[in-house]
Amino acid sequence: MTTEQKNNHALILRTNGEFEIIDWPTNGHLEILYRAIECDHVDAVTISPNLTMWIDDDGLNTGAPINRAATILYALHKEPHQHYVGNVVITGGADHRGDTLALTKDEIAALVEFHLTFTCGAPIPTQRTK
């Protein structure tokens, strides 16, 4: 595995408030999405040019629980038109060919900080000074 591949990641936001950073390889995305979201059909929701949220396409119909983190994340970027449900995967945007990109380290750090601060209410420790 090259250094570039080791730095390719996506973020799962689960309905129970947990999150997980996962590998985002250069191919095989559908299988990763199906496993992570625990579904058979996915849909992409563009949050911004650099963020895509992958959702269970049948989640609203099957009564999946609301994903508070996903709904808040979307609302920070665009006017919300629905609650998002079920586990979601957050990736980068798309390249010029339409291929889904991984998240950068800075994007992952910002998303995790957002998640801990705004959806979990967990305080982020700051550097101590004397």
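Hello everyone, and here is an example to start us off: the side chain of aspartate 56 reaches the backbone nitrogen of aspartate 58 at 2.9 Å.

Some housekeeping before we go on. This is a predicted model, where local features need pLDDT of at least 70 and side-chain atom pairs count only at pLDDT 80 or more, while totals for chains, interfaces and linings use all residues. Residues are numbered from 1 along each chain as its sequence is written, and side-chain values use heavy atoms, with hydrogens and water left out.

How confident is the predictor? On pLDDT, its confidence in each residue from 0 to 100, the chain has a mean of 87, and 86% of its residues reach 70 or more.

Now the layout. Helices (H or I, at least four residues) and strands (E, at least two) are DSSP runs, numbered from the N terminus. The chain has five helices and five strands, in the order α-β-β-α-β-β-α-α-β-α. Of its 130 residues, 38% count as buried, meaning under 20% relative accessible area, with exposed over 50% and partly exposed in between (1.4 Å probe, protein chains only).

On to the inside. A nonpolar core is a set of buried Ala, Val, Leu, Ile, Met, Phe, Trp, Tyr and Cys residues joined through side-chain atoms within 4.5 Å. The largest one has 19 residues, and Met53 and Ile90 have the most contacts inside it. Elements giving two or more residues to this core are β1 (9–13), β3 (42–48), β4 (51–56), α4 (68–77), β5 (88–91) and α5 (105–119). Apart from it lies another core, of 13 residues, including Ile22, Ile32, Ala36 and Ile37.

Ile32, Ala36 and Ile37 bring us to α2 (residues 29–37), where they are buried along with His29 and Leu33. Which side do they face? They cover an arc of only 110° around the axis, so they sit on the same side of α2; that arc is taken from the directions from the helix axis to the C-beta atoms. The cover over them includes β1, β2 (19–23), β3, β4 and β5.

Next, α4. Asparagine 67 caps its N-terminal end, with a side-chain oxygen 3.3 Å from the backbone nitrogen of alanine 69. Buried in α4 are Ala69, Ala70, Thr71, Leu73 and Tyr74.

The structure holds one aromatic pair. Rings of Phe, Tyr and Trp (its six-membered ring) pair if their centres lie within 6.5 Å; planes under 30 degrees apart count as stacked, over 60 as edge-to-face and the rest as tilted. Tyrosine 74 and tyrosine 84 have ring centres 5.2 Å apart and planes at 55°, so the pair is tilted. Tyrosine 74 lies in α4 and tyrosine 84 in the loop between α4 and β5, so the pair ties together parts ten residues apart in sequence.

Finally, back to aspartate 56, in strand β4. Is aspartate 56 buried or exposed? Buried, because its relative accessible area is 14%.

Conventions. pLDDT = per-residue confidence, 0-100. Contact = heavy atoms within 4.5 Å. Polar contact = N/O pair within 3.5 Å; in protein donor to acceptor, adjacent residues only side chain to side chain.
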